[in-house]
Amino acid sequence: MKHILSAALVAVSLLSYSQEAKKAPAKLNVKVVNTEDPICGMKTAQFLKDTVTYNKKLYGFCGTHCKEAFKKEPKKYVKK
Ligand SMILES: [Zn+2]
């Protein structure tokens, strides 16, 4: 009986793992004003994973952590 239960648990965890993999963020296919992530300098054309609108412009970032850093101090990163 215990055997069946652990087999079922393995099946469930494998299933949720494959669903998790599908949810992994893909590169976004949107136009952003910046060619480089202002936080880390990565090219948005290659590593665009997240965006934020600031001053009616769409800025792209390599990931959520860079977006959050930008949102804290956008003036620091936007070139005039
Ligand atoms: Zn970045």
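Modeller: Four donors count as tetrahedral if all angles lie between 85 and 135 degrees. The structure discussed here is a predicted model.

Biologist: What makes the arrangement around the zinc ion tetrahedral?

Modeller: The 4 donor atoms subtend angles of 100 to 123 degrees. These values fall between the limits of 85 and 135 degrees, and the arrangement is therefore tetrahedral. For reference, the ideal angle for four tetrahedral donors is 109.5 degrees.

Biologist: Which residues are the protein donors of the zinc ion, and how do you know that they count as donors?

Modeller: They are Asp 37 through OD, and Cys 40, Cys 62 and Cys 66 through SG. Their distances from the zinc ion are 2.1 to 2.3 Å, and the cut-off is 2.8 Å, so these atoms qualify. Along the chain, the donors follow the spacing D-x2-C-x21-C-x3-C.

Biologist: Why are Cys 62 and Cys 66 called buried?

Modeller: Buried means under 20% relative accessible area. Cys 62 has 13% and Cys 66 has 3%, so both residues are classed as buried.

Biologist: Why is Leu 28 called partly exposed?

Modeller: Its relative accessible area is 28%. Because this value lies between the 20% and 50% limits, Leu 28 is partly exposed. Leu 28 belongs to the loop between α1 (2–23) and α2 (44–47).

Biologist: With which residues is Leu 28 in contact, leaving aside its neighbours within four places in sequence?

Modeller: Leu 28 contacts Leu 48, Lys 49, Asp 50 and Thr 51. The C-alpha atoms of Leu 28 and Leu 48 are separated by 5.6 Å, although these residues are 20 residues apart along the chain.

Note on methods:
Residues are numbered from 1 along each chain as its sequence is written. This is a predicted model: local features need pLDDT of at least 70, side-chain atom pairs count only at pLDDT 80 or more; totals for chains, interfaces and linings use all residues. Side-chain values use heavy atoms; hydrogens and water are left out. Donors are N, O and S atoms within 2.8 Å of the metal (3.2 Å for Na, K and Ca); water is not among the atoms, so sites may look incomplete. Four donors count as tetrahedral if all angles lie between 85 and 135 degrees; four count as square planar and six as octahedral if opposite donors are over 155 degrees apart and all others between 65 and 115; anything else is irregular. Buried means under 20% relative accessible area, exposed over 50%, partly exposed in between (1.4 Å probe, protein chains only). Helices (H or I, at least four residues) and strands (E, at least two) are DSSP runs, numbered from the N terminus. Contact means heavy atoms within 4.5 Å.
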